[in-house]
Amino acid sequence: MSDLILKTAAQLADALAAGETTSVELTQAHLDRIAAVDGDVHAFLHIDAEGALSQAAASDARRANGDALHALDGVPIAVKDVLTTTGLPTTCGSKILEGWVPPYDATVVKKIKAAGLPILGKTNMDEFAMGSSTEHSAYGPTKNPWKLDRIPGGSGGGSAAAVAAFEAPLALGTDTGGSIRQPGAVTGTVGVKPTYGSVSRYGLVALANSLDQVGPVTRTVLDSALLHELIGGHDPLDSTSTTTPVTGLVDAARAGATGDLKGVKVGVIKELAGEGWAPDVMAKFNESVDILTKLGADVVEVSTPSFQHAMAAYYLILPAECSSNLAKFDAMRYGLRVTPDGDPSAEDVMKASRDAGFGDEVKRRIILGTYALSSGYYDAYYGQAQKIRTLIIEDFKEAFEQVDVLVSPTSPSTAFPLGAKLDDPLAMYMQDLATIPANLAGTPGISVPAGVSDVDGLPVGVQLLAPVLEDARLYRVGAALEGAIGPVLSIDKLEVAR
Amino acid sequence: MTETLVPFDEVLERYDPAFGLEVHVELNTNTKMFCGCPATFGGEPNSQVCPTCLGLPGSMPVVNAKAVESAIRIGLALNGSIAEWCRFARKNYFYPDMPKNFQTSQYDEPIVYDGYLDVEVEGETFRIEIERAHMEEDTGKTTHIGGATGRIHGADYSLVDYNRAGIPLIEIVTRPILGTGAKAPLVAKAYVAALREILLGLGVSDVRMDQGSMRCDVNLSLSPKGSDKLGTRTETKNVNSLRSVERAVRFEMSRHAGILDAGEAIFQETRHFHEDTGTTSAGRPKSDADDYRYFPEPDLVPVAPSREWVEELRGTLPEPPAEKRARLQAEWGYSDLEMRDVWAAGALTLIESTVAEGASAQAARKWWMAELSRAANDRGVELAEVGVTPAQVAEVQKLVDGGSLTDKLARQVFEGLLAGEGTVAEIVDARGLAVVSDDGALGAAVDEAIDAQPAVAEKIRGGNQAAAGALIGAVMKATGGKADAKRVRELILEKLA
């Protein structure tokens, strides 16, 4: 095994710049790692060795030519299968899109291609990003590389596992209710949900449009900052895209790495640190809070009373939007088509295709959303949920008048065993308790590894939240915390063979 | 089921009609409502599409600012209020011509509300209240192959063309229109005509009812005479000519009355209109509980036109058509009847341009309403498309005024123009139409005529000038009608003095 896979993206970028390696060489190293371990991990749905190597060769040629290069040019990346890619299937983990190759690239994919990052492949996910364990993928679950009988989190378990298993130094995920941060926490990786609208959603197959956001999954805070700056910025194809430039994140990460947090006010969210949280997770979280104090931060407790209703609001708004989004999968234009026997009508074909193409969790949410939007119920459900959303935004505003960043554990427990919550949707939904408020409010959030549980030796994440468009604060505090805690993820700790 | 139709006059003895109109107008923006695809009519099927208007997974809409501008101008021209803040919503239902299986439309937050339009029918003015006008996207076009009806049920397969999917639409909805009695069909027609004229003046749409760029749904109900409660309504979809609007109202009134007279209830449903027979037939049942599960479109930011912009757009509005007609009528000195005919023939703008090119209002009316209207009728085209321009009409008239063409010769020039024989000058030249005013050539023809009819010449010599007509006629015949009749008379009288 090449030691190249152990390097962070920033280190790989430096090695490429110094001429110590080539993009082809390090891309091949990652493809070899994928070939060696992905049979066990199943982080990838589609692997594009040929495409990645040819992009790597192009990067090497640019470098040899002295052409202007992005800092990450030549560093390979994995992309969650919910982002459209030309020439590579995009299935969203669903049977209904099996084999669909989009005719266009998502804006973020265009950006990483333009910057010269070879795309290793598309990563596994819960079907249409619905789930917290990647067990709802129609193509089989992803395993947690730390312990293969454990879940890697969801819905972006594939991206997190690929990075945690050293199959890719960087990955793109999407976070609708915590799908980057929660997998990050349970795999010992860094996951970021940027400010809503600061990264284009064009080409992201929508789960819930008002909540979705694309973001980085990496092994270090600095790597996330590098990738976040690359994918961020205004996109005229996304009407909700902000016009504020996404800059200063890498600088903030570097400044944070010095370990000085003097003058930074940190609020511990009272409602997200108590009952319902595993004691081993709370222990690690409390250690992180102590570290923040030692680094000079001013730590206080902050109350956000509306957060207790966030889950309820989320599970009305999300199904409502997704019930509408998923209507386009009608077997008429692309994807799966099931034709029943006899003389079926268009409607019969549609019914049979949707029945066969969608999994249980997807059907559950379509039915929930359809119900929540129905006339006579709209005000009681969807309307009330939107009111809660407004209250949560108010809570954030008030909290951020007192502090610069908020902290909580990312996930209530470490990675649970595969199958443990599969028959209990509510228990599964609880995994995103702490991450959901940020999606409802559009605020940015990061999950940083906080160490490993004293009980099961599995990683625990700490979540930092900042006001809208203040993503840089997350990188500063996150990098400081990361530096003080020290490396959590190492290849030797994984159950996946070295 | 055979329907008993009650004669129109009898309907009014027992019932009061109420109707409402929903008019869909395709805007003539360069690009579609939510993407950059061309919004032009026609084109190879599915040649003007992209991921967004095809609703492909991951695609997102962006609002066309020009369409918003058109919507605001329409709202202002209809005396409406412009929302300070409004949103798009999703109207969810499954249909193959709708690639996302929801239509992006406006629901409870239309951009225009509370407008009105005054229309005149036989000297009586009716104020049509406009409840709202909202923006939405058009759907694709389906062609159902096989099956007897041409409808989706019973078809072997369907072809879908998404070129039209995503073209910007404005839907203009009236409040129920009451108290029009026997004039209901005419008021309905007059409203659509007035609306069409305003939209044409604004330049926001082609308003071609035959091409579907303007489509009208007619809601109608009857209530027992004197009752203040609205009856159950039917909605006749896609009525696509002014005449059909009138006929649809008339037919539905007769049909409803037949059902009500029999003591039965009207079934709330959509109806299809048949151009050939002027009748309607049952469509699908429609209840007030149609559940489209509207909710605000999360992919689009709200539309919040600034008041400055709205006022700026108000400044771009053309003179309202009714006011403009009154002004022109006064300027041109037309009678009420003449003005009505001109308007009905679609000649108003053409005459206005012809006058602007230097022709008198009377001359302009004469050519457009006689020669050219007849040609347009023969060819079955709009007057504006007959192939003669206002500038050409003015040019011909100038030649008449200058004495180098007679009216009769001018008609021949128009014949040439309609046949595409070239410019006015080329036709006059090629057809040899210029008036013969050369005294030498005319003199010879006059001498010939005098020689040929000595008896007539004698009468004239004897002081009977009226007898000159016979000689003039002979000269005109000899010159192929190209002689200046006034000059011919002068020459005859000179020679026989």
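Reply: B:Leu350 sits in helix H8 of chain B, the stretch covering residues 348–356. Keep in mind that this is a predicted model. B:Leu350 has a relative accessible area of 11%, so it counts as buried, the cut-off being under 20%. If you want a sense of the span from there, take B:Glu246: it is 104 residues away from B:Leu350 along the chain, and the two C-alpha atoms are 26 Å apart.

Now for the chain around that helix. Chain B contains 16 helices and 14 strands. Of its 497 residues, 48% are buried. Its C-alpha atoms take up a box of roughly 95 × 55 × 50 Å along the principal axes. The radius of gyration of chain B is 30 Å, whereas a compact globule of 497 residues would come out near 23 Å.

Next, the charged contacts. Over all chains, the whole structure has 52 salt bridges. One of them pairs the side chains of B:Arg175 and B:Asp114, at 2.7 Å from N to O. B:Arg175 is in the loop between strand E9 (168–174) and helix H3 (184–202) of chain B, while B:Asp114 belongs to strand E5 (residues 112–121) of chain B, so this pair ties together parts that lie 61 residues apart in sequence. How open are these two side chains, then? B:Arg175 is partly exposed, at 28% relative accessible area, and B:Asp114 is partly exposed too, at 40%.

B:Arg215 and B:Asp138 form another salt bridge, with their closest N and O atoms 3.1 Å apart. Here B:Arg215 comes from strand E10 (residues 214–224) of chain B and B:Asp138 from the loop between strand E6 (124–137) and E7 of chain B, so the pair ties together parts 77 residues apart in sequence. Both B:Arg215 and B:Asp138 are buried.

Further along, B:Asp447 makes a salt bridge to B:Lys495, with 3.2 Å between the closest N and O atoms. That pair connects distant parts of the chain, with B:Asp447 in helix H13 (residues 439–452) of chain B and B:Lys495 in helix H16 (residues 485–495) of chain B, 48 residues apart. B:Asp447 counts as partly exposed at 33% relative accessibility, and B:Lys495 counts as partly exposed at 38%.

There's also a network of salt bridges that involves both chains: A:Arg201, A:Asp238, B:Arg90, B:Glu297 and B:Asp299 are linked in it.

Last stop, the surface. A:Asp343, A:Glu347, A:Asp348 and B:Asp156 form a negative patch there. The chain B member, B:Asp156, is in the loop between strand E7 (141–145) and strand E8 (157–161) of chain B. Its relative accessibility is 64%, and because the cut-off for exposed is over 50%, B:Asp156 counts as exposed.

On chain A you'll also find a nonpolar surface patch of about 280 Å², made by A:Tyr371, A:Tyr377 and A:Tyr381. A:Tyr371 is part of helix H12 (residues 360–373) of chain A, and at 39% relative accessibility A:Tyr371 counts as partly exposed.

How values were computed: Residues are numbered from 1 along each chain as its sequence is written. Chains are lettered from A and ligands numbered from 1 in the order in which they are written. This is a predicted model: local features need pLDDT of at least 70, side-chain atom pairs count only at pLDDT 80 or more; totals for chains, interfaces and linings use all residues. Side-chain values use heavy atoms; hydrogens and water are left out. Patches are made of residues with over 30% relative accessible area and no salt bridge: like charges are joined within 9 Å, nonpolar side chains (Val, Leu, Ile, Met, Phe, Trp, Tyr) within 5 Å. Accessible areas come from the Shrake-Rupley method with a 1.4 Å probe; for residues, only the protein chains shown count as cover. A salt bridge is a side-chain nitrogen of Lys or Arg within 4 Å of a carboxyl oxygen of Asp or Glu. Lys and Arg count as positive and Asp and Glu as negative; His and the chain ends are not counted. The place of a charge is taken as NZ of Lys, CZ of Arg, CG of Asp or CD of Glu. Helices (H or I, at least four residues) and strands (E, at least two) are DSSP runs, numbered from the N terminus. Buried means under 20% relative accessible area, exposed over 50%, partly exposed in between (1.4 Å probe, protein chains only). The radius of gyration is taken over C-alpha atoms; the globule rule is 2.2 Å times the number of residues to the power 0.38.
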